[in-house]
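Reader: I am new to this structure and would like to learn how to read it. Please take me through it feature by feature.

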Amino acid sequence: MATTDLSYYDKATIPNANKFRFGIVVSEWNSDITENLYLGAVQALTENGATKENIIKWNVPGSFELVFGCKKMIESQKVDAIIAIGNVIQGETKHFDFVCDGVTQGIKDLNVKYNVPVIFCVLTDNTKQQSIDRSGGIHGNKGIESAIAAIKMAALREF
C-alpha cells in the first residue's frame with residue numbers, strides 16, 4: 001500500500017476560483033473525519049482564489065442525507081459547484097453497502113439532473129484508520145482533492 005500524500009496538485013494548472021461560489025454539504029456522522037475533510041476543502045478553495053464569503057457550509061446528520069442536502073442547496077443557493085463530504089466505515093452488517101450505494105447513485109443522479117456539479121467526497125473505508133489516513137493523514141486529504149475537482153468543474157460550467 002502506498003504511503004504518500006496523494007493530495008498534491010500543481011497550483012499553476014488550477015483555474016482561479018475567485019469568481020465562483022461553492023457549497024459544501026458535510027455529514028455530521030464521524031465528524032472527526034468529515035470536519036478534517038471540510039477543512040482541507042476550504043484550504044484548497046481559498047488557496048486558489050475563493051473567498052470565505054463564497055463558501056457555504058451546510059451540515060446534515062449522515063452520509064445518506066447528503067443527497068437531499070445537495071439537492072436543496074442546488075435549488076436554493078446560487079452555487080457553481082458543491083462538495084458532498086461524508087464518511088462510511090464498514091461494520092458487521094449490510095448497512096454499509098446500502099448507504100454507500102444510495103449516496104453514490106444519488107450524487108450521480110444530481111449530476112445528471114442539474115447543471116451544478118456535485119463532487120463526491122465520501123470516504124468509504126474498511127477501518128477508521130483508513131479514514132484517518134485519507135482525511136489529513138499519510139494519504140493526504142481527500143477534501144483537498146475534491147476542492148480541486150470542484151474548481152475545475154465550476155470552470156467547465158462556463159463552456
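Reader: Is Lys-19 buried or exposed?

Author: Sort residues by relative accessible area: under 20% is buried, over 50% is exposed, and in between is partly exposed, using a 1.4 Å probe and protein chains only. Lys-19 has 55% relative accessibility, so Lys-19 counts as exposed. This is a predicted model, in which local features need pLDDT of at least 70, side-chain atom pairs count only at pLDDT 80 or more, and totals for chains, interfaces and linings use all residues. Residues are numbered from 1 along each chain as its sequence is written, and side-chain values use heavy atoms, with hydrogens and water left out.

Reader: With which residue does Lys-19 form a salt bridge?

Author: A salt bridge needs a side-chain nitrogen of Lys or Arg within 4 Å of a carboxyl oxygen of Asp or Glu. Lys-19 pairs in this way with Glu-158, and their closest N and O atoms are 3.2 Å apart. Lys-19 sits in the segment before strand E1 (22–27) and Glu-158 in the segment after helix H5 (142–156), so the pair ties together parts that are 139 residues apart in sequence.

Reader: How many salt bridges does a search of the whole structure find?

Author: The search finds nine. One of them joins Lys-128 to Asp-32, with the closest N and O atoms 2.9 Å apart. That pair links distant parts of the chain: Lys-128 is in helix H4 (residues 128–134), Asp-32 is in helix H1 (residues 31–47), and 96 residues separate them. Lys-128 is partly exposed at 33% relative accessible area. Asp-32 is partly exposed too, at 40%.

Reader: Where do Glu-75 and Lys-71 lie?

Author: Both are in helix H2 (residues 66–76), four residues apart, about one turn of the helix. Glu-75 has 42% relative accessibility and counts as partly exposed. Lys-71, at 27%, also counts as partly exposed. Salt bridges with shared partners join Lys-71, Lys-72 and Glu-75 into one network.

Reader: How are two packed helices described?

Author: By the angle between their axes and the distance between the axes. Each axis is a line fitted to C-alpha atoms, for helices over the stretch in contact, and angles run from 0 to 180 degrees between N-to-C directions. Take H2 and H3: their axes come within 9 Å and cross at roughly 15 degrees.

Reader: What orientation do H2 and H3 therefore have to each other?

Author: Angles under 35 degrees count as roughly parallel, over 145 as roughly antiparallel, 65 to 115 as roughly perpendicular, and the rest as oblique. H2 and H3 are therefore roughly parallel.

Reader: Which residues of H2 meet H3?

Author: Contact means heavy atoms within 4.5 Å. Leu-66, Val-67, Cys-70 and Lys-71 in H2 meet Gly-102, Val-103, Gly-106, Ile-107 and Leu-110 in H3. Sort them by class: Ala, Val, Leu, Ile, Met, Phe, Trp, Tyr, Cys and Pro are nonpolar, Asp, Glu, Lys and Arg are charged, and the others, Gly among them, are polar. The H2 and H3 contact divides into six nonpolar, two polar and one charged.

Reader: At roughly what angle do the axes of H1 and H5 cross?

Author: They cross at roughly 45 degrees and come within 7 Å. H1 and H5 are therefore oblique to each other. Residues in H1, among them Leu-37, Gly-40 and Ala-41, meet residues in H5, including Gly-143, Ile-144 and Ala-147. By class, this contact has eight nonpolar, three polar and one charged residues.

Reader: Is Gly-23 buried or exposed?

Author: Gly-23 counts as buried, at 0% relative accessibility. Gly-23 lies in strand E1. Leaving aside neighbours within four places in sequence, Gly-23 is in contact with Ile-56, Met-73, Val-79, Ala-81, Ile-82 and Ile-83.

Key: Helices (H or I, at least four residues) and strands (E, at least two) are DSSP runs, numbered from the N terminus.
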